[in-house]
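Reader: I would like to learn how to read a model like this one. Could we go through its features together?

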Amino acid sequence: MSGEAGGGDGFGLRPGEQAVSLPGRYDAGLHFIGRLRTPWTERGDCPKNGLQTEAVCTVEVDPAYAAGLANVSGASHLILLYWMDRAPRGLLVQQPRHADGTRGTFSLRSPARPNPIALSVVELLGIAGATLHVRGLDCLDGTPLLDIKPYYASTDSRPGATVQRSGAP
């Protein structure tokens, strides 16, 4: 998969979608710190979000970053940031399968976006060395891991937050 909008592998443009050509060079560099292991190998098999599955998944942290896991066991939940490496990268307007009408990419949690960074709040079930067992992922097997952060209900939760889905595109 080239990562470009309209590429193969089921990521072609749907009616009403719009894509942009991405710049020829990147503004930043990233280091993957591990890989996510999930039961899903096909895009259509992935849950839409981590609350739609009870699957236990594995976070494999590369040995060079294992020391960063010190004290992680004190958190019941973690925020995982990951790179949706098989998603198209240029979509600005999308036609979600579950919606009537198009939506702007930045109003969606879709992996198809200029920088395919995703996040999940996962429940930490256990740790074995540099491997975490978690529940709440929604990505393809082998997805690169960018970062791990503790989830703080006191600062991360926004109980009054809303998203209007009926607004005009």
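Reader: Happy to start with a side-chain pair. Which residue's side chain does serine 120 join in a polar contact?

Author: A polar contact is a pair of N or O atoms within 3.5 Å; within protein, one must be able to donate a hydrogen and the other to accept it, and residues adjacent in sequence count only if both atoms are side-chain atoms. Here the side chains of serine 120 and aspartate 138 are joined by such a contact, at 3.4 Å. This is a predicted model, where local features need pLDDT of at least 70, side-chain atom pairs count only at pLDDT 80 or more, and totals for chains, interfaces and linings use all residues. Residues are numbered from 1 along each chain as its sequence is written, and side-chain values use heavy atoms, with hydrogens and water left out.

Reader: Where does serine 120 lie, and is serine 120 buried or exposed?

Author: Helices (H or I, at least four residues) and strands (E, at least two) are DSSP runs, numbered from the N terminus. Serine 120 belongs to strand β7, residues 117–128. For accessibility, buried means under 20% relative accessible area, exposed over 50%, and partly exposed in between, with a 1.4 Å probe and protein chains only. At a relative accessible area of 5%, serine 120 is buried. Contact means heavy atoms within 4.5 Å. Leaving aside neighbours within four places in sequence, serine 120 touches residues including Leu78, Tyr82, Gly136 and Asp138.

Reader: How do I read strand pairing, and which residue stands opposite threonine 58 in β8?

Author: Two strands pair if DSSP finds at least two bridges between them. Strand β3 (residues 56–61) runs antiparallel to β2 (residues 34–37), with four bridges. Five bridges link β3 to β8 (residues 131–135), again antiparallel. Threonine 58 of β3 faces arginine 37, and histidine 133 in β8 stands opposite threonine 58.

Reader: What is the strand order in the open sheet of three strands?

Author: The order is β1-β5-β6, with antiparallel pairing. Because β1 (18–19) and β6 (103–104) each have a single partner strand, they stand at the edges and one side of each is left without a neighbour in the sheet. Two bridges hold the antiparallel pair of β1 and β5 (residues 91–94), and glutamine 18 stands opposite valine 93 in β5.

Reader: How many disulfides does a search of the whole structure find?

Author: A disulfide is a pair of cysteine sulfur atoms within 2.5 Å, and the search finds zero. For cysteine 46, the nearest cysteine sulfur is that of cysteine 139, 6.7 Å away. Cysteine 57 is in no disulfide either, and its nearest cysteine sulfur, also that of cysteine 139, is 7.0 Å away. Cysteine 46 is buried at 18% relative accessible area, and cysteine 57 is buried at 1%.

Reader: Finally, what is the mean pLDDT of the chain?

Author: pLDDT is the predictor's confidence in each residue, from 0 to 100. The chain has a mean of 88, and 91% of its residues reach 70 or more. Over residues 1–9 the pLDDT is below 50, and this stretch has 20 contacts in the model beyond near neighbours in sequence.
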